[in-house]
Amino acid sequence: MLRRVARLCRNLVDRDAVERALDEEVAATLDLLSEQHREAGLAPGEARRRAVLELGGVEQVKGRVRDVRSGRLLEDVMHDVRYGTRLLRRAPGFAVVVALTLAVGIGATTTVFSWARTTLLEPMPGVARQNEILLIAERDRTGHLGTNSYPDYLAYRETTHAFSDVAASGFLRVILSDGQSPERVFGAIVSGNYFSFLGVHPALGRSFLPEETAAFGTGAVVVLSDGLWRRRFNADPAVLGRSVTLDGHPCRVIGVAPPGFVGDFPGVAFSFWVPITMQPQLLPDVERQSRSDHWLSLRGRLRPGVTLEQAQAEFLEIGRRIEREDPAGNEGRRPVLFSLWQSPMGSAPVLRPVLAVLAAVVGLVLLLACANVANLLMVRGLGRAHEISLRLSLGASRGRLVRQFATESLLLGLMGGAGGLALARAMVGTLSGFIPPMGLPIHVPVGLDWSALAFAGAITLVTVLAIGIVPALTGVRTDLAGRLNAGGFRTTAAAGRAPLRQGLVVAQVALSMMLLAGAALFLRSVLNADSLRPGFDGRPVLVASLNLPKSYNQVSGPALYQHLLERVRSLPAVRAASLAHAVALSPFGGGGTTLTVDGYQPPTKDAYGAWFNIVSPDYFRTLSMTLLEGRDLAERDTADAPLVAIVNQAMAERYWNGRSAIGGNFTPSNRRRVLVVGIVKNSKNFSINEDTEPYFYLSYRQHFEAEMHLHVQATNGDPVALAPLVRSAMAAVDPELAVSETAPMADFLRFAFFAQRVGSTLLCLFGVMALLLAGMGLYGVVSHNASRRKREMGVRFAFGATAADVRRLIIVQGLRLLVVGLPVGVLGSIGLGMAARSQLYGVSPTDPISLGAAGLALAAVLVVAAGIPAWRAAQVDPVTILRQE
Amino acid sequence: MTLPRNEMLRGTLDLLILKALSLEPLHGVGIARRIEQITRAAFSVSFGSLFPSLHRMEERNWLSAEWRASENGRRAKYYRLTARGRQRLEAEAEDWHRMARVMKDALESA
């Protein structure tokens, strides 16, 4: 074996020496033979001739010896690679265009599928076997999805057989300090099994010990995220054992999470984790023993072989049992399980529709790229018919030729693949660029999905290989003499016969039309965002997020708010200022509640509900909302005064149908009865496409919340300039408020248009690429046809045709393909638009402007693509052409 | 036994080469002559088949080769059997004998 390897190496590396030895051996044999003939009495010349005859040809013998040498195949491949590289270098334009086309197709597909994988399928970086993890949520009788209570967590964890374990985590927003510069950070309060459940091992130190998570009120320890550790503690390993304060409570740092791990909330990056036993200190308002306080998100890890459906069935059973045992807490509540990618929470619902559209689009781009490359390869193959015939007649074998062409295709494919990898690497990080700052540590995990790259690469490779070797195969079948005699000229009859290639161009036209029309539809949706009438005007408004330190209570909190509002309102650049718990058209556009309305009988036994916000006076004026009836909230609506509310039109119409809602009373669940004092016009609260739902506003003095958003309307319409002024006003009221984030309200609106923005940007990009590809495809076909019809054109000129006649002839032939492809593309676009309808705003899938613009752009590019070769064909000198015959 | 014609010939040629070399090292022409001699001219070896066979067997380490002066003083490449080549010769010769016996019996059976 070793000897054979050594021999192989020698044959390959020391080829010249091996060849010299063979030359010598054959020469020596020849000498020996001719000498024997001379000794037999022949004349020297004749003896030599006989010897050559007997040997059977010097080169033939050498050739047959080379054929049996080991490494022969490798040698051939290397030869093919060299030959192929030389050919491609001689046609750099062709090589670059093919490689770029493949790169675009492979790169785009890999990028989008990488996004889908990392945001939907594996949205928790660093967490082991995420496909086993399910989210456990709870649906109340109104259909509203929510988190879970602590008793439910315990019950699930103890009873379940479907899951090997269940972990709980709650969102925490605290002021972190270690003696200097306090800072607001986001983290999670988690069950003791959290890290082992996720399969995450701290990079430094350890995770929680059982005794640290045994009793509530103990376990003042914290695990830091890698990001926080690097940013705030300069990656100092000595941080272990140090004490930091969270909301004033000292906690000992026991570990640092591995780089990349940011927690179990897809889309959000946490900075720290504390054990659930810290709840009394960090979440003192939580009623831990109550089934009505839903502060925990639960995740379960499926046992091997258990399906989501089986787990769901088990949880429904557990849920029913809990409801029987404790009807007060859990009546009408049902546990619901979701796989990570189907999660209704986190980044999945935002990204899912966008990625679905994009996946369809990049699929089209990949098809288009393959079609284009197929076309280019076929044109090139036809041009090489002469070469193939020549090589066949010189004795090249069919297999040898196929191998040669396959090597060339492979080279192109590899170049395209390398380009695609580079493109995907560059693009994969751009997704986070589309996400506006949200006052939340939004985190989109990005990483290349190698399986997507392999898949896209394989598809294009199969295409180039399949198409690439066609000329070698067809060349084998046609008769050689005819080919060689034709001398590269073809008759006119043959020029029209390329149904596959023409079909490809038609397909390209149709696909480009779909991409362009899709881009136009999304672009119009985004443009409509500017003219969006959500029922309020957020453009001149600055939003600052407030989170009062825990030292404030029901009395001191509202007092501080009032103080802050007075201060901000006195700023010269401020027209109006107010506070609201929820920000309209943000992911937190309001809370949901069930309610009972005095004098209203629900049509069915189902409870009924509404969404709500907690606001200060002047909120409607700050957002330019219209108060239709009654009065605004006022500072006199204090905790001691009668509880009041303002409802929207939809709520007034649903629950006080026909009568005035003013003076009516209703009772939100878990709250006291309120009196309706005003009605405002409907506005959008959660998404731009939502149906208007009942919504009401409560007074911030009567319902204290430590988290509020300060809304400030600028007199000159420029909210950004207000930010420093508002910040200093906040710092003057309480220095701890300085850690709040500020952002123009437009940023929140932009978030509402996230899908459309990503869609329109990428579709425009892909659409332009598609347009170029289709143009190149048509150009290739038309110019090839034109060059084949040169002789015919010469004859036409000779018979008196003008240049214009010839141009028209060629253009018309090319544009026939456009005429066939366009209607197919229009139908496809409408189909695509229908599928993406939920992502379109203010524009229908059959929008004539979008379709028309896309069609016009496509037609313009294609006329140019067909026009250039036609113009060239008309430049032909008939005498030269005819003389070549 | 329906071996393709050239396949059977190649196997035969290899065996004959090994046999020809079993007495003493020979160069290519010498091997050709020796084969003609021992087969009583039933086989006339073409160099187009001989050389590839020699090179293949050399790569397989059945033969080794060295350059030395031939009978008339010219340099020639002499092939000799290696130990492996000798084993191979014995094994193949044994196969052939058995096959020949079997074929003979089969053809002579009533």
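## Basis of the model

The model is predicted, and local features need pLDDT of at least 70, side-chain atom pairs count only at pLDDT 80 or more, while totals for chains, interfaces and linings use all residues. Residues are numbered from 1 along each chain as its sequence is written, chains are lettered from A and ligands numbered from 1 in the order in which they are written, and side-chain values use heavy atoms, with hydrogens and water left out.

## The two chains

Chain A contains 30 helices and 22 strands, where helices (H or I, at least four residues) and strands (E, at least two) are DSSP runs numbered from the N terminus. Of its 885 residues, 53% are buried, a term that stands for under 20% relative accessible area, with exposed meaning over 50% and partly exposed in between (1.4 Å probe, protein chains only). When contacts in chain A (heavy atoms within 4.5 Å) are taken between residues at least 6 apart in sequence, 80% of them join residues at least 24 apart.

Chain B has four helices and three strands, and from the N terminus on its elements follow the order α-β-α-α-β-β-α. In this chain of 110 residues, 42% count as buried, and among contacts between residues at least 6 apart in sequence, 44% join residues at least 24 apart. Its accessible surface is about 6600 Å², with 52% belonging to carbon and sulfur atoms.

## Aromatic rings and charges

Rings of Phe, Tyr and Trp (its six-membered ring) pair if their centres lie within 6.5 Å, and planes under 30 degrees apart count as stacked, over 60 as edge-to-face and the rest as tilted. By this rule there are 26 aromatic pairs over all chains. One of them is the tilted pair of A:Tyr156 and A:Phe315, with 4.9 Å centre to centre and 50 degrees between the planes. Because A:Tyr156 lies in helix H7 (residues 150-159) of chain A and A:Phe315 in helix H11 (residues 308-325) of chain A, the pair ties together parts that are 159 residues apart in sequence. Both of these residues, A:Tyr156 and A:Phe315, are buried.

Ring pairs also link A:Tyr600, A:Phe612, A:Tyr655, A:Trp656, A:Phe666 and A:Phe696 into a cluster. A charge sits over a ring if NZ of Lys or CZ of Arg is within 6 Å of the ring centre and within 35 degrees of the ring normal; in chain A, A:Arg301 lies over the face of A:Phe197, at 5.5 Å from the ring centre.

## Helix H9 of chain A

In helix H9 (residues 226-233) of chain A, the buried residues are A:Asp226, A:Leu228, A:Trp229, A:Arg232 and A:Phe233. They lie on the same side of H9(A), because they cover an arc of only 165 degrees around the axis, the arc being that of the directions from the helix axis to the C-beta atoms. Their cover includes strand E3 (163-177) and strand E4 (183-190) of chain A. Just after H9(A), A:Asn234 has a positive phi of about 50 degrees.

## The hairpin of chain B

Strand E2 (residues 63-69) and strand E3 (residues 75-81) of chain B run antiparallel and are joined by seven bridges, where two strands pair if DSSP finds at least two bridges between them. B:Glu66 stands opposite B:Tyr78 in E3(B), and the charged end of B:Arg68 sits over the ring of B:Tyr78, 4.4 Å from its centre. The hairpin has five residues between the strands, and B:Gly73 takes a positive phi near 90 degrees.

Conventions
Areas by Shrake-Rupley, 256 points an atom, 1.4 Å probe, with all protein chains shown as cover.
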